[in-house]
Amino acid sequence: MRTYLLTRLLIGLLTLVGMSLVIFVLMRIAPGDIVDMIFASAGYVDPAAKAEITKEIGLDQPIAVQYGRWLRDLVQGDLGKSYRYDLPAWQVIRPRIPISLELALLSMAVAVALGVPAGVLSAVRQDRSIDYLIRILSLAGLSMPSFWLGMVIILSLVWLLGWIPSLTYVSPLEDWKANLLQFLFPALAVGLRSSALIMRITRSALLEVLREDYIRTAYAKGQREWVVIWRHALRNAFLPVLTLLGIEFAFLIGGLVVTETVFNLPGVARFLVEAILWRDYPVVQNLVMFIAIIVIGMNLAVDLLYGWLDPRVRHA
Amino acid sequence: MAGSTRGCDMPERSGAFVCASARRAGDRASVLRRILRFCRAKPLGAAGGAIILTMLFMALGAEELATHDPVRTEPARTLDPPSAQHWLGTDYLGRDIYSRLVYGARVSLAVGLASTLLGSVLGGVIGLLSGYAGGSADLVAQRFMDILQGLPLLVLALVMSAALGPSVPNVVVAISVPIIPRAARIIRSSVLAIRESPYIEAARSLGVRHLRIAFRHILPNTIGPFMVLTTAQLGSAILVEAALSFLGLGVPEPFPSWGRMLSISAAEYAHKAPWIVLFPGAAISLAVFGTNLLGDALRDVLDPRLRQRMS
């Protein structure tokens with residue numbers, strides 16, 4: 001187990017170093033550097049001032065030195081400076097993290113609450129009309145762009161209720177009900193896609209488990225159907241679902257990028273888009289690394305959890 | 001000896017060798033028969049195929065099907081509701097939404113298809129070679145794929161397209177890169193299974209060169225997973241293009257793409273003129289729905305693991 005853990009950690013670390021190289025190179029290919037961007041709005045450019053800023057940012061150094069410095073700062077927890085806000089990047093990012101985290105967790109909750117029961121129903125009533133209906137609905141859910149779904153949700157709320165959730169961010173500390181109401185609809189827009197995937201994997205995992213002998217035994221004992229399914233079958237069908245949850249949680253970030261924009265929530269994902277549009281590359285670079293750490297950490301966590309939950313995996 | 005295998009390169013799955021020349025004669029009829037059989041067995045998949053074909057037809061015949069110039073603005077007719085003249089209404093610049101949808105199919109499908117093919121072919125070749133070679137080459141390739149898969153698809157595409165700058169070829173590259181590791185994984189795993197088959201051993205003992213074995217003997221047998229992969233990825237490529245264009249980092253003006261029609265600036269008019277967001281979004285969803293239906297049906301038919309389980 002310890003060697004397995006060490007190997008996995010090492011591979012994860014290696015992946016992150018590789019990722020940092022890819023991002024660093026990408027940000028160097030990008031047209032226009034930050035200094036140009038800062039001076040583009042000014043009109044008159046004083047070459048001395050420009051040289052000074054270039055030096056301050058460290059762009060006058062060789063590429064390898066720049067990369068080394070970035071990694072060193074990153075390891076020390078220094079995320080650099082946001083040039084758009086003229087503040088340390090961490091100060092701009094930190095208040096946005098809870099917003100994205102809340103949205104991601106709520107989306108996940110929506111996805112599980114919709115996906116697992118739908119998958120169970122679909123598997124238990126395999127090849128009946130309800131199964132076909134759920135499967136077609138889940139495919140439809142996978143087909144809709146989440147940002148469009150968000151727009152449609154807003155439009156339907158206006159049309160049906162003449163009301164929309166607040167488009168300026170409400171902190172849960174001020175008014176948790178308004179906050180929850182505000183986050184529920186974007187969570188629905190993001191979570192629907194994941195719920196479709198969860199439904200599909202729950203269905204196929206459950207179908208496999210339902211053919212096992214011990215399920216027949218449970219029925220033969222005279223157990224009621226819902227006990228057999230929820231207590232005996234689902235427990236063993238849950239591992240693939242859990243794996244998917246881990247992967248999806250990380251990939252939710254992709255959905256957040258657009259949904260936070262549609263619902264005007266000042267989260268990290270939307271900040272990434274803004275930083276890209278403003279060419280605030282130090283911020284982009286660090287945010288992307290941050291996302292990579294979450295994704296890779298999440299995958300690792302799921303694999304370890306898997307071994308912990310399933311003795312068969314642990315001993316293999 | 002190597003020459004004698006040349007006419008009969010590809011074994012059928014049953015293990016019997018059928019000569020290529022004999023096969024070719026009955027090819028057209030059997031392809032048609034197979035398509036018909038597929039439609040009967042998988043009506044939903046066939047419906048998905050029909051949706052995609054309709055969209056392709058729309059894209060190819062955009063000049064004939066459009067009623068207006070998709071980029072011409074009409075300041076007097078902004079945000080007109082659907083009418084006899086403008087079937088799906090006009091947008092905030094007075095452009096005809098129906099015509100933009102028809103032309104948009106061209107951009108969205110072309111970008112989707114091109115990036116899917118580019119990503120799947122590159123990933124497929126990497127998967128083929130690394131799976132066949134094995135050893136340290138495989139290990140290095142795998143770790144490299146880990147890196148590309150360490151970011152959500154949209155985030156990687158977003159950063160790529162920002163770095164490359166807005167243009168149609170750059171968007172295609174940006175969307176194709178995240179597809180590479182996914183394609184490589186799938187092709188690699190089927191190569192690993194095929195590599196151990198007796199006919200590969202036979203080819204190797206006949207002294208056939210490695211590259212030839214990989215491309216002529218193994219590659220044709222990965223076509224099933226490859227088709228399943230490309231249909232599944234086509235849907236997600238269309239979605240990523242839409243999201244990139246929505247954020248203003250996708251296909252640049254004046255090309256009307258479906259995602260561009262939903263861009264943030266358009267969204268501001270949505271409450272006054274819902275049709276400007278409803279129709280392009282419905283077009284995206286329908287196209288992706290079609291690829292998903294087809295992809296699922298293809299997977300059921302072509303995935304040998306599923307086929308074994310069913311029989």
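H10(A) passes H11(A) in a right-handed crossing. In this predicted model, the axes of H10(A), residues 213–220, and H11(A) come within 11 Å and cross at roughly 150°. That angle is over 145 degrees, so H10(A) is roughly antiparallel to H11(A). Tyr214(A), Ile215(A), Ala218(A) and Tyr219(A) make the contact from H10(A). Val228(A), His232(A) and Ala233(A) meet them from H11(A). By class, this contact of H10(A) with H11(A) has 6 nonpolar residues, 1 polar residue and no charged ones.

Stay on H11(A) and move along to Ile253(A), which lies in this helix. Is Ile253(A) buried or exposed? Ile253(A) has 23 other C-beta atoms within 10 Å. The cut-off for a buried residue is 20 or more, so Ile253(A) counts as buried. Its contacts involve both chains. Leaving aside residues up to four places away in sequence, Ile253(A) touches Ala269(A) and Ile291(A), and also Pro152(B) and Val155(B) of chain B. Ile253(A) can also be placed relative to Leu103(A). The two residues are 150 positions apart in sequence, yet their C-alpha atoms are 9.8 Å apart in space.

Phi of Asn264(A) is positive, near 55°, and the residue is not a glycine. Asn264(A) has 14 other C-beta atoms within 10 Å and is therefore partly exposed.

Leu79(B) is not a glycine, but its phi is about 55°. Leu79(B) sits in the loop between helix H4 (62–65) and H5 of chain B. Leu79(B) has 15 C-beta neighbours inside 10 Å, so this residue counts as partly exposed.

Two packed helices are described by the angle between their axes and the distance between the axes. For H1(A) and H13(A), the angle is about 160° and the axes are 10 Å apart. H1(A) and H13(A) are therefore roughly antiparallel to each other. Their crossing is right-handed. Which residues of H1(A) meet H13(A)? They are Arg8(A), Gly12(A), Thr15(A), Leu16(A), Met19(A), Ser20(A), Ile23(A), Phe24(A) and Met27(A). Their partners in H13(A) include Tyr281(A), Val284(A), Gln285(A), Val288(A) and Met289(A). Further along H13(A), the partners include Ala292(A), Ile293(A), Ile296(A), Leu300(A) and Asp303(A). By class, this contact has 13 nonpolar, 4 polar and 2 charged residues.

Next, the contact between the chains. Chain A contributes 38 residues and chain B contributes 37. On chain A, at least two residues each come from helix H1 (2–29), helix H7 (129–143), helix H8 (146–161), helix H11 (225–262), helix H12 (268–277) and helix H13 (281–309). Which helix gives the most to the side of chain A that touches chain B? H1(A) does, with 8 residues. That side of chain A divides into 33 nonpolar and 5 polar residues, with no charged ones. The predictor gives the complex an ipTM of 0.87 and a pTM of 0.87.

Step back to the whole chains. Chain A has 14 helices and 2 strands. The C-alpha atoms of chain A fill a box of roughly 85 × 60 × 35 Å along the principal axes. Of the 316 residues in chain A, 39% are buried. Among contacts in chain A between residues at least 6 apart in sequence, 73% join residues at least 24 apart.

Chain B has 15 helices and 0 strands. Of its 311 residues, 43% count as buried. Contacts between residues 24 or more positions apart account for 69% of those in chain B with a separation of 6 or more.

The mean pLDDT of chain B is 84, and 88% of its residues reach 70 or more. Where is confidence highest and where is it lowest in chain B? Helix H5 (residues 97–133) of chain B has the highest, at a mean of 93. Helix H15 (residues 304–310) of chain B has the lowest, at 50. Over residues 1–21 of chain B, the pLDDT is below 50. Beyond near neighbours in sequence, this stretch has 20 contacts in the model.

Note on methods: Residues numbered from 1 in each chain as written. Chains lettered and ligands numbered in written order. Predicted model: local features only at pLDDT ≥ 70, side-chain atom pairs only at ≥ 80, totals over all residues. Helix = DSSP H or I, 4+ residues; strand = E, 2+ residues; numbered from the N terminus. Buried ≥ 20, exposed ≤ 12 C-beta atoms within 10 Å, placed from the backbone. Contact = placed C-beta atoms within 7 Å. Nonpolar A, V, L, I, M, F, W, Y, C, P; charged D, E, K, R; others polar. pLDDT = per-residue confidence, 0-100. Axes fitted to C-alpha atoms, helices over the stretch in contact; angles between N-to-C directions. Parallel < 35°, antiparallel > 145°, perpendicular 65-115°, else oblique. Left-handed = near helix turned anticlockwise from the far one by under 90°.
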